[in-house]
Amino acid sequence: MANTIKLYSFSLSNLKTYIFAALFVVGNLLFPQLAHLIPNGGLIFLPIYFFTLIAAYKYGIHVGLITAILSPLVNSLLFGMPVMSTLPIILFKSVILAIAAAMAAKHFGKISFWGILFSIVAYQFIGTGVEWLMTQNFVVAIQDFRIGLPGMVIQLVGGYFVLKAIAKI
(Lines give C-alpha, C1' and ligand atoms only; values in the text may rest on other atoms or scores of the structure.)
Protein backbone atom coordinates (compact mmCIF):
# COMPACT_ATOMS: atom_id res chain seq x y z
CA MET A 1 0.00 0.00 0.00
CA ALA A 2 1.56 3.26 -1.12
CA ASN A 3 1.75 6.36 1.03
CA THR A 4 0.65 8.55 -1.85
CA ILE A 5 -1.37 11.59 -1.08
CA LYS A 6 -3.32 13.98 -3.23
CA LEU A 7 -1.48 17.22 -2.64
CA TYR A 8 -3.03 20.53 -3.49
CA SER A 9 -1.77 24.03 -3.83
CA PHE A 10 -4.81 26.23 -4.22
CA SER A 11 -4.21 29.80 -5.31
CA LEU A 12 -5.44 32.77 -3.33
CA SER A 13 -8.10 33.35 -5.97
CA ASN A 14 -9.59 29.88 -5.44
CA LEU A 15 -12.58 29.73 -3.08
CA LYS A 16 -11.42 26.29 -1.87
CA THR A 17 -8.39 27.96 -0.29
CA TYR A 18 -10.64 29.90 2.07
CA ILE A 19 -13.08 27.06 2.70
CA PHE A 20 -10.33 24.65 3.73
CA ALA A 21 -8.54 27.32 5.74
CA ALA A 22 -11.77 28.09 7.60
CA LEU A 23 -12.26 24.41 8.42
CA PHE A 24 -8.72 24.10 9.76
CA VAL A 25 -9.04 27.32 11.77
CA VAL A 26 -12.16 25.85 13.40
CA GLY A 27 -10.10 22.75 14.25
CA ASN A 28 -7.44 25.01 15.73
CA LEU A 29 -10.16 26.71 17.79
CA LEU A 30 -11.66 23.48 19.14
CA PHE A 31 -8.51 21.48 19.83
CA PRO A 32 -6.98 24.15 22.12
CA GLN A 33 -10.24 24.40 24.04
CA LEU A 34 -10.04 20.68 24.77
CA ALA A 35 -6.35 20.92 25.69
CA HIS A 36 -7.00 23.80 28.08
CA LEU A 37 -9.35 21.59 30.12
CA ILE A 38 -6.13 20.04 31.48
CA PRO A 39 -3.90 22.27 33.64
CA ASN A 40 -1.14 23.63 31.41
CA GLY A 41 -2.68 21.65 28.53
CA GLY A 42 -1.81 24.34 26.00
CA LEU A 43 1.84 24.30 27.03
CA ILE A 44 2.00 20.50 27.08
CA PHE A 45 0.01 19.63 23.94
CA LEU A 46 0.77 22.67 21.71
CA PRO A 47 -2.70 22.31 20.14
CA ILE A 48 -2.71 25.56 18.16
CA TYR A 49 -0.26 24.07 15.66
CA PHE A 50 -1.89 20.72 14.90
CA PHE A 51 -4.30 21.67 12.14
CA THR A 52 -1.84 24.16 10.67
CA LEU A 53 0.48 21.23 10.04
CA ILE A 54 -2.30 19.23 8.35
CA ALA A 55 -3.54 22.23 6.34
CA ALA A 56 -0.13 23.12 4.93
CA TYR A 57 1.00 19.56 4.26
CA LYS A 58 -2.20 18.52 2.49
CA TYR A 59 -3.51 21.73 0.92
CA GLY A 60 -0.41 23.81 0.36
CA ILE A 61 1.21 27.02 1.43
CA HIS A 62 -1.78 29.34 1.02
CA VAL A 63 -4.21 27.25 3.09
CA GLY A 64 -1.40 26.67 5.58
CA LEU A 65 -0.49 30.32 5.96
CA ILE A 66 -4.08 31.50 6.32
CA THR A 67 -4.62 28.82 8.98
CA ALA A 68 -1.32 29.70 10.67
CA ILE A 69 -2.18 33.38 10.93
CA LEU A 70 -5.89 33.28 11.68
CA SER A 71 -5.83 30.47 14.25
CA PRO A 72 -3.78 32.25 16.94
CA LEU A 73 -5.41 35.61 16.21
CA VAL A 74 -8.98 34.32 16.44
CA ASN A 75 -8.18 32.20 19.50
CA SER A 76 -6.64 35.18 21.23
CA LEU A 77 -9.55 37.47 20.39
CA LEU A 78 -12.26 34.97 21.33
CA PHE A 79 -10.70 33.14 24.27
CA GLY A 80 -7.74 35.23 25.43
CA MET A 81 -5.36 32.38 24.60
CA PRO A 82 -2.71 32.79 23.51
CA VAL A 83 -2.24 35.90 25.61
CA MET A 84 -1.20 39.00 23.69
CA SER A 85 2.36 38.90 25.02
CA THR A 86 2.95 35.46 23.47
CA LEU A 87 0.99 36.07 20.29
CA PRO A 88 3.93 37.31 18.15
CA ILE A 89 6.07 34.22 18.74
CA ILE A 90 3.14 31.83 18.31
CA LEU A 91 2.27 33.55 15.03
CA PHE A 92 5.90 33.29 13.94
CA LYS A 93 6.11 29.59 14.83
CA SER A 94 2.79 28.93 13.09
CA VAL A 95 3.99 30.59 9.90
CA ILE A 96 7.30 28.68 9.98
CA LEU A 97 5.35 25.43 10.49
CA ALA A 98 3.11 26.18 7.51
CA ILE A 99 6.09 26.94 5.29
CA ALA A 100 8.04 23.88 6.45
CA ALA A 101 5.06 21.51 6.08
CA ALA A 102 4.21 22.77 2.59
CA MET A 103 7.87 22.43 1.56
CA ALA A 104 8.13 18.93 3.03
CA ALA A 105 4.97 17.76 1.27
CA LYS A 106 6.20 19.16 -2.01
CA HIS A 107 9.62 17.57 -1.56
CA PHE A 108 8.41 14.10 -0.56
CA GLY A 109 5.22 14.11 -2.67
CA LYS A 110 3.64 11.67 -0.26
CA ILE A 111 2.77 11.21 3.38
CA SER A 112 6.16 11.04 5.00
CA PHE A 113 6.93 10.50 8.65
CA TRP A 114 10.28 12.21 7.97
CA GLY A 115 8.60 15.12 6.20
CA ILE A 116 6.30 15.71 9.15
CA LEU A 117 9.20 15.36 11.58
CA PHE A 118 11.22 17.86 9.51
CA SER A 119 8.31 20.32 9.70
CA ILE A 120 8.05 20.04 13.47
CA VAL A 121 11.80 20.25 14.07
CA ALA A 122 12.09 23.24 11.71
CA TYR A 123 9.37 25.32 13.35
CA GLN A 124 10.55 24.43 16.84
CA PHE A 125 14.25 25.14 16.32
CA ILE A 126 13.74 28.30 14.28
CA GLY A 127 10.95 29.44 16.60
CA THR A 128 13.04 28.78 19.69
CA GLY A 129 15.89 30.84 18.30
CA VAL A 130 13.61 33.74 17.44
CA GLU A 131 11.85 33.50 20.81
CA TRP A 132 15.22 33.62 22.56
CA LEU A 133 16.12 36.75 20.60
CA MET A 134 12.73 38.33 21.36
CA THR A 135 12.59 37.49 25.07
CA GLN A 136 16.32 37.40 25.88
CA ASN A 137 15.36 34.45 28.10
CA PHE A 138 16.68 31.01 27.13
CA VAL A 139 14.50 29.16 29.67
CA VAL A 140 11.35 30.72 28.22
CA ALA A 141 12.55 30.06 24.69
CA ILE A 142 13.04 26.32 25.26
CA GLN A 143 9.69 25.89 27.01
CA ASP A 144 8.26 23.81 24.16
CA PHE A 145 11.17 21.39 24.51
CA ARG A 146 10.89 21.30 28.32
CA ILE A 147 7.11 20.97 28.53
CA GLY A 148 5.70 20.52 25.03
CA LEU A 149 7.31 17.26 23.90
CA PRO A 150 3.97 15.40 24.24
CA GLY A 151 2.46 17.96 21.86
CA MET A 152 5.24 17.46 19.34
CA VAL A 153 4.69 13.70 19.50
CA ILE A 154 0.96 14.24 18.95
CA GLN A 155 1.75 16.45 15.97
CA LEU A 156 4.09 13.82 14.52
CA VAL A 157 2.06 10.66 15.12
CA GLY A 158 -1.40 12.25 14.99
CA GLY A 159 -0.47 14.33 11.97
CA TYR A 160 0.81 11.26 10.15
CA PHE A 161 -2.36 9.28 10.83
CA VAL A 162 -4.72 12.16 10.03
CA LEU A 163 -2.92 12.72 6.74
CA LYS A 164 -3.15 8.98 6.01
CA ALA A 165 -6.87 9.10 6.80
CA ILE A 166 -7.49 11.97 4.38
CA ALA A 167 -4.92 10.86 1.77
CA LYS A 168 -7.41 10.20 -1.02
CA ILE A 169 -9.59 13.27 -0.40
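These are my notebook entries on a predicted model of one protein chain.

**Conventions.** I worked with a predicted model in which local features need pLDDT of at least 70 and side-chain atom pairs count only at pLDDT 80 or more, while totals for chains, interfaces and linings use all residues. Residues are numbered from 1 along each chain as its sequence is written, and side-chain values use heavy atoms, with hydrogens and water left out.

**Fold.** I counted 8 helices and 0 strands in the protein chain; these are DSSP runs (helices H or I, at least four residues; strands E, at least two), numbered from the N terminus. I then looked up the radius of gyration, taken over C-alpha atoms, and the globule rule, 2.2 Å times the number of residues to the power 0.38. The radius is 15 Å, close to the 15 Å that the rule gives for 169 residues, so the chain is as compact as a globular protein of that length. Along the principal axes, the C-alpha atoms fill a box of roughly 45 × 30 × 30 Å.

Of the contacts (heavy atoms within 4.5 Å) with a separation of 6 or more, 72% join residues 24 or more positions apart.

**Core.** I looked up the largest nonpolar core, where a core is a set of buried Ala, Val, Leu, Ile, Met, Phe, Trp, Tyr and Cys residues joined through side-chain atoms within 4.5 Å. This core has 35 residues, and Y49, Y57, V63, I116, Y123 and L163 have the most contacts inside it. Two or more residues come from each of α1 (15–35), α3 (50–79), α4 (87–108), α5 (113–135) and α8. The most come from α3, with 10 residues. Setting aside neighbours within four places in sequence, I noted that I116 is in contact with L53, Y57, Q155, L156, G159, Y160 and L163.

**G148.** I located G148 in the loop between α7 (143–147) and α8 (149–165). G148 is buried, at a relative accessible area of 0%. Not counting residues up to four places away in sequence, G148 touches L43, I44, L46 and Q143. The C-alpha atoms of G148 and L46 are separated by 6.3 Å, although these residues are 102 residues apart along the chain.

**I19.** I placed I19 in helix α1. I19 counts as partly exposed, at 44% relative accessibility.

Definitions and conventions:
Buried means under 20% relative accessible area, exposed over 50%, partly exposed in between (1.4 Å probe, protein chains only).
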